[in-house]
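Student: I'd like a close look at one part of this model. Could you pick a spot and take me through it slowly, from the whole chain down to single residues?

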Amino acid sequence: MPDIKSSGSRQEHNFSMCKVLVVEDSSVTRRLFESALHDLGITEIMWAQNIYEGFSLFCEKNADLVLIDWDVDDNKGLELAKKIRNDKGSVNRDAKIILSVAFADPQRVHTAVQAVFMNILAKPL
């Protein structure tokens, strides 16, 4: 994950070595994520449009951070996150996961938290 340097009361983060996997089927949202990640200095971004590509890339590249669209593959984003956390073939069960949701209703948030997500990102960004 990032290198953190302290300069006075401000911390500077270096995300240049961070590997990020984005599992998102919307080209508009992919462009928004790409812009935000590049603004953070992240250059190693992997893209998947479905959960099967996502898990395969995750295992192949050992991503530090995974951004998953809840609605990918007809609401199977949660399934991918659980697989990353629990599957014996997962290369990093402790990877940071952010679930992006179009509708952040309380039930979805509760379900995601129970599935050990670190963060919820409500869309639109």
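Tutor: Happy to! Among contacts in the chain between residues at least 6 apart in sequence, 59% join residues at least 24 apart. Please keep in mind that this is a predicted model. The chain is built from 5 helices and 7 strands, and along the sequence these follow the pattern β-β-β-α-β-α-β-α-α-β-α-β. Of its 125 residues, 38% count as buried.

Now for our spot. Find helix α2, residues 51-61, and helix α4, residues 77-86. Their axes come within 10 Å and cross at roughly 25°. An angle under 35 degrees counts as roughly parallel, and α2 and α4 are therefore roughly parallel to each other. The crossing of these two helices is right-handed.

Which residues make the contact between α2 and α4? From α2 come Ile 51, Gly 54, Phe 55 and Phe 58, while α4 brings Gly 77, Glu 79, Leu 80, Lys 83 and Ile 84. Sorted by type, the residues of this contact are 5 nonpolar, 2 polar and 2 charged.

Let's zoom in on Phe 55, which sits in helix α2. Is Phe 55 buried or exposed? Its relative accessibility is 12%, so Phe 55 counts as buried. Setting aside neighbours within four places in sequence, Phe 55 is in contact with Leu 80, Lys 83, Ile 84, Asp 87, Gly 89 and Ser 90. Take Leu 80 as one of these partners. Phe 55 and Leu 80 are 25 residues apart in sequence, yet their C-alpha atoms are 7.0 Å apart in space.

Next, look from the side of Leu 80. Not counting residues up to four places away in sequence, Leu 80 touches Val 23, Ile 51, Gly 54, Phe 55 and Ile 68.

Ser 90 lies in the loop between α4 and β6. With 11% relative accessibility, Ser 90 counts as buried. Beyond residues up to four places away in sequence, Ser 90 touches Phe 55, Phe 58, Cys 59, Lys 83 and Ile 84.

Finally, here is a charged residue elsewhere in the chain to look at. Arg 30 is in helix α1, residues 27-39. Its relative accessible area is 18%, so Arg 30 is buried. Leaving aside neighbours within four places in sequence, Arg 30 is in contact with Glu 24, Asp 25, Trp 47 and Gln 49.

Methods:
Residues are numbered from 1 along each chain as its sequence is written. This is a predicted model: local features need pLDDT of at least 70, side-chain atom pairs count only at pLDDT 80 or more; totals for chains, interfaces and linings use all residues. Side-chain values use heavy atoms; hydrogens and water are left out. Axes are lines fitted to C-alpha atoms, for helices over the stretch in contact, and angles run from 0 to 180 degrees between N-to-C directions. Helices (H or I, at least four residues) and strands (E, at least two) are DSSP runs, numbered from the N terminus. Angles under 35 degrees count as roughly parallel, over 145 as roughly antiparallel, 65 to 115 as roughly perpendicular and the rest as oblique. A crossing is left-handed if the near helix is turned anticlockwise from the far one by less than a right angle, and right-handed if clockwise. Contact means heavy atoms within 4.5 Å. Buried means under 20% relative accessible area, exposed over 50%, partly exposed in between (1.4 Å probe, protein chains only).
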